[in-house]
Amino acid sequence: DFSFGSGSARISPGLKKLLTEKIVPEIKNSIFQIEVAGHTDSDALPKTFQKRFPSNWELSTARANSVLKLLLELGFNPSRLAAAGYGEFYPISIGNTDEDYQQNRRIELKLTSR
């Protein structure tokens, strides 16, 4: 599984493996700036999560920061990294099934020139 758990900013083992084994080797030595963009599903956060993440904005930013920290641990130059949270406002799946929600609980890596 490559998505985040509901209400969680913890990187799943599947996502960590994908990043460390497939994606990072391809982009680590590139000339690009890398923005880690965090996203959430459209569900309102349960009260039990709201103390840590008052809204999906904070949760999406925390997801981006989790991946950014992993990239730093893997040796990325901090001056090439940025994190952004987009909340639930850019879904890739507009349905309301568990699968749709999982697809929207994601990060995106945006490579741009300086």
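Leu111 is partly exposed, at 36% relative accessible area. That value comes from a predicted model. As for where it sits, Leu111 belongs to strand β3, which covers residues 107-112.

Patch members need over 30% relative accessible area, and Leu111 has 36%.

## Helix α3, end to end

Now for helix α3, which takes in residues 56-73, 18 residues in total. From first C-alpha to last, α3 reaches 26 Å, close to the 26 Å expected at 1.5 Å a residue.

At the N-terminal end, the cap on α3 is Ser55, with a side-chain oxygen 3.2 Å from the backbone nitrogen of Trp57. After the helix comes Gly75, which has a positive phi, near 95°.

Which residues of α3 are buried? They are Asn56, Leu59, Ser60, Ala62, Arg63, Ala64, Val67, Leu68, Leu70 and Leu71. Their cover includes helix α1 along with strands β1 (33-38), β2 (81-85) and β3. Strand β3 is also where you'll find Leu111.

## Ser8, ahead of α1

Ser8 sits in the segment before α1 (13-27). Leaving aside residues up to four places away in sequence, Ser8 touches Leu59 and Arg63, and both of these are among the buried residues of α3. The Ser8 side chain also reaches the backbone nitrogen of Arg10, at 3.0 Å.

Methods:
Residues are numbered from 1 along each chain as its sequence is written. This is a predicted model: local features need pLDDT of at least 70, side-chain atom pairs count only at pLDDT 80 or more; totals for chains, interfaces and linings use all residues. Side-chain values use heavy atoms; hydrogens and water are left out. Helices (H or I, at least four residues) and strands (E, at least two) are DSSP runs, numbered from the N terminus. Buried means under 20% relative accessible area, exposed over 50%, partly exposed in between (1.4 Å probe, protein chains only). A polar contact is a pair of N or O atoms within 3.5 Å; within protein, one must be able to donate a hydrogen and the other to accept it, and residues adjacent in sequence count only if both atoms are side-chain atoms. Contact means heavy atoms within 4.5 Å. The expected span of a helix is 1.5 Å times one less than its number of residues.
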